[in-house]
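Here are my notes on the model you passed along, point by point. Have the viewer open while you read.

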Amino acid sequence: MYRIVLDTNVYISALLRGGKPEIILKCSHNPYKYELCTSIEILKELDRDFREKFFWSPVDRDKVTRRISYRAEVVKTTKSISAIAADEKDDRILECAIKAKADYIVSGDKHLLDLKQYKGIKILKPAQFLTLLEKER
């Protein structure tokens, strides 16, 4: 069973646009496919994005973060990685993946995808991750 960390952009795409990110999030209900991992920092960033960029109400933001917290293992991280100078928030994703002992990071973020992997953790686009799951069937 894989352990994965979703970037905030994948959560946002899943919740607003659907498509492959939504499939990944929905499949997290099935513990035999993979285990979803997140961190308090990722949940805070997600809440901030929904508040500042999409103007979601506190009730709707709370509903989303609670639902994700229920589905995922929430790990506590510390700011200890400085791998992506262009966007410090991406380092929070890496910190979560390291702490959670993740196998994969799923992201649409160019800075993360350009790394291809970080300390043995592969970084894939949502479509690539779904292809991997299909091959494992």
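This is a predicted model: local features need pLDDT of at least 70, side-chain atom pairs count only at pLDDT 80 or more; totals for chains, interfaces and linings use all residues.

1. A definition before anything else: two strands count as paired if DSSP finds at least two bridges between them. With that in hand, look at strand 1 (residues 2-6) and strand 4 (residues 104-106): they run parallel and are joined by three bridges.

2. As a reminder, strands of a sheet pair through backbone hydrogen bonds, in either a parallel or an antiparallel way.

3. On to the overall make-up. The protein has seven helices and six strands, and reading from the N terminus the elements go β-α-α-β-α-α-β-α-β-α-β-β-α. Its radius of gyration is 14 Å, close to the 14 Å the globule rule gives for 137 residues, so the protein is as compact as a globular protein of that length. The C-alpha trace spans about 40 × 35 × 25 Å along the principal axes.

4. Next, helix 1 (residues 8-16) against helix 3 (residues 40-52). Their axes come within 10 Å and cross at roughly 50°, so the two helices are oblique to each other. The crossing is right-handed. Helix 1 contributes T8, Y11, I12, L15 and L16 to the contact, and helix 3 contributes I42, E45, L46, D49 and F50. By type, the residues of this contact are seven nonpolar, one polar and two charged.

5. Then there's helix 2 (residues 19-27) with helix 7 (residues 126-136). The axes are 9 Å apart and the packing angle is about 50°, which means helix 2 and helix 7 are also oblique to each other. This crossing is left-handed. K20, P21, I23 and I24 of helix 2 meet P126, A127, F129 and L130 of helix 7. The residues here split into seven nonpolar, no polar and one charged.

Terms used:
Residues are numbered from 1 along each chain as its sequence is written. Side-chain values use heavy atoms; hydrogens and water are left out. Axes are lines fitted to C-alpha atoms, for helices over the stretch in contact, and angles run from 0 to 180 degrees between N-to-C directions. Helices (H or I, at least four residues) and strands (E, at least two) are DSSP runs, numbered from the N terminus. Angles under 35 degrees count as roughly parallel, over 145 as roughly antiparallel, 65 to 115 as roughly perpendicular and the rest as oblique. A crossing is left-handed if the near helix is turned anticlockwise from the far one by less than a right angle, and right-handed if clockwise. Contact means heavy atoms within 4.5 Å. Ala, Val, Leu, Ile, Met, Phe, Trp, Tyr, Cys and Pro count as nonpolar, Asp, Glu, Lys and Arg as charged, and the others, Gly among them, as polar. The radius of gyration is taken over C-alpha atoms; the globule rule is 2.2 Å times the number of residues to the power 0.38.
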